[in-house]
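Subject: Handover of a structure and the findings from it

Dear colleague,

Please find below the structure that I am handing over to you. I would ask you to keep it open while you read the notes that come after it.

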Amino acid sequence: MQLADRTQRIGVSPTMKVAADAMRLKAQGVDVVDLGAGEPDFPTPPHVSAAAHRAIEDNFTKYTANSGTDDLKRAIGQRYRTDYGVEYTPAETIVTAGGKQALFNAALALFGSGDEVITHAPGWPTLVEQIKLTDATPVIVRTHVDDGFALRAETILAAFTPRTRGVIINSPANPTGALIAEADLAAVAEEAARRGVWVLLDLCYERLIYDPVPHNLPGVLVRHLRDRSVLCGSASKTYAMTGWRCGWALGPAEVIGACNALQSHSTSNAASVTQKAAEAALRGPQDCVTAMLDEYRRRRDQLVEWLSVEPRMTVHKPAGAFYLFPDVSELLSPDGIRTSAELAQALLDEARVALTPGEAFDAPGFLRLSYATSMEQLREGATRILEFARRRAAVRV
């Protein structure tokens, strides 16, 4: 079958594949501990679900404006005003079917053939694939475990060329949980302003930062690069709303208008009921977010403690998001399990633990473990991983 060339440049999301494999085994009755899922295990907060019920009862089930309701756009603006002290009007805001669409709309509106777009690795694979789909060229800058995977301005700036059109930054980052410091983003923004380069900020995990470190990235961009930056956010991780599919983008009105035009020919508006639920999430009490963050912190610390007893796994404690990204290269060998992809498959086949290999994030030799699951499942998963590692060590001896 002859498919369009663009389909040859991309593959199915590897993180989605892990989830599909785990679901397939569970459907067969296999006892799988799923540490691959990149979604909260908490229920959507009750006041958010109640708002959706009211929307259905009120028959708020028709099309909305393509870019979202004014009420939701104002709620998004108010949230960013409260959290970051930045101002965006409804004309500078679009509601999308998840954060992924917000990023893709912006990429399609801004990048094209001949452009270079800088992003970072280890990183979320969708960012690179979206750059390819715009016919631009992804330029990857690397972060390193011995530096806590921190994204440094000098690394990004060294990758600038005359063809650089944009920079896409994800902070907190998936899969590492690392942050970019405000000073580093400011340095990137200042150089981007000088060169006329765009900066897209993926803030999917923006409310999941464990320590009170300065992380007002929207404020930095508004001060230094407001006319050439786009903020992309989502209700998915913050409010346990992954299946509701609601994201947004904030940026210059001309860019948001272009995103609106693109969206009008693809998905049209985000679901009307979802928009009412997201409005309630953004305007309502935020203690549910704090409660989830506190529990994630407890799980993170416990999982790090459990896995650190295995000397061949190097575990770095993440600053944000809800993943561990341990270095497992010492568990690999030329005459046994040679790659982290093979290790992840062996853990699924033999230990019945689903997790994501580092290859999915352009980081062979690592595994991503999600702790967005219960403490009981984390304990069982850690036990199975450690027992697997000991069995393999015994065989090699």
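Predicted model: local features only at pLDDT ≥ 70, side-chain atom pairs only at ≥ 80, totals over all residues.

Residues are numbered from 1 along each chain as its sequence is written, and side-chain values use heavy atoms, with hydrogens and water left out.

**Pocket and cavities**

Rolling a probe the size of a water molecule over the atoms shows where empty space is left. On a 1 Å grid over the protein atoms alone, a cavity is a set of points where a 1.4 Å probe fits but cannot get out, whereas a pocket is an open set with protein on both sides within 12 Å along at least five of seven lines; lining residues have an atom within 4 Å of a point. Grid points are joined across faces, edges and corners, and a volume is the space filled by probe spheres set on the points.

The largest pocket has a volume of about 720 Å³. Of its 34 lining residues, Met16, Gly38, Glu39, Lys237 and Thr242 are the closest to the centre. Helix α1 (14-27) supplies the largest share of this lining, 4 residues (helices are DSSP runs of H or I with at least four residues, strands are runs of E with at least two, and both are numbered from the N terminus). The lining of the largest pocket comprises 11 nonpolar, 14 polar and 9 charged residues (Ala, Val, Leu, Ile, Met, Phe, Trp, Tyr, Cys and Pro count as nonpolar, Asp, Glu, Lys and Arg as charged, and the others, Gly among them, as polar).

The whole structure holds 2 cavities of 30 Å³ or more. The largest cavity has a volume of about 70 Å³, and helix α3 (residues 70-84) gives the most to its lining, with 4 residues. That lining divides into 5 nonpolar, 2 polar and 4 charged residues. The second largest cavity has a volume of about 40 Å³. Its lining includes His120, Phe149 and Asn170, and has 7 nonpolar, 4 polar and no charged residues.

**An aromatic pair**

Phe149 also belongs to an aromatic pair. Rings of Phe, Tyr and Trp (its six-membered ring) pair if their centres lie within 6.5 Å; planes under 30 degrees apart count as stacked, over 60 as edge-to-face and the rest as tilted. The search finds 10 aromatic pairs in the whole structure. The ring centres of Phe149 and Phe325 are 5.8 Å apart and the planes stand at 65°, so this pair is edge-to-face. The two residues are 176 residues apart in the chain, and the pair links distant parts of it.

**Helix contacts**

Axes are lines fitted to C-alpha atoms, for helices over the stretch in contact, and angles run from 0 to 180 degrees between N-to-C directions. The axes of α4 (residues 99-110) and α5 (residues 125-133) come within 9 Å and cross at roughly 35°. Their contact residues divide into 5 nonpolar, 2 polar and 1 charged.

Helices α2 (residues 46-57) and α10 (residues 272-283) pack at about 145°, with axes 8 Å apart. By class, this contact has 9 nonpolar, 1 polar and 1 charged residues.
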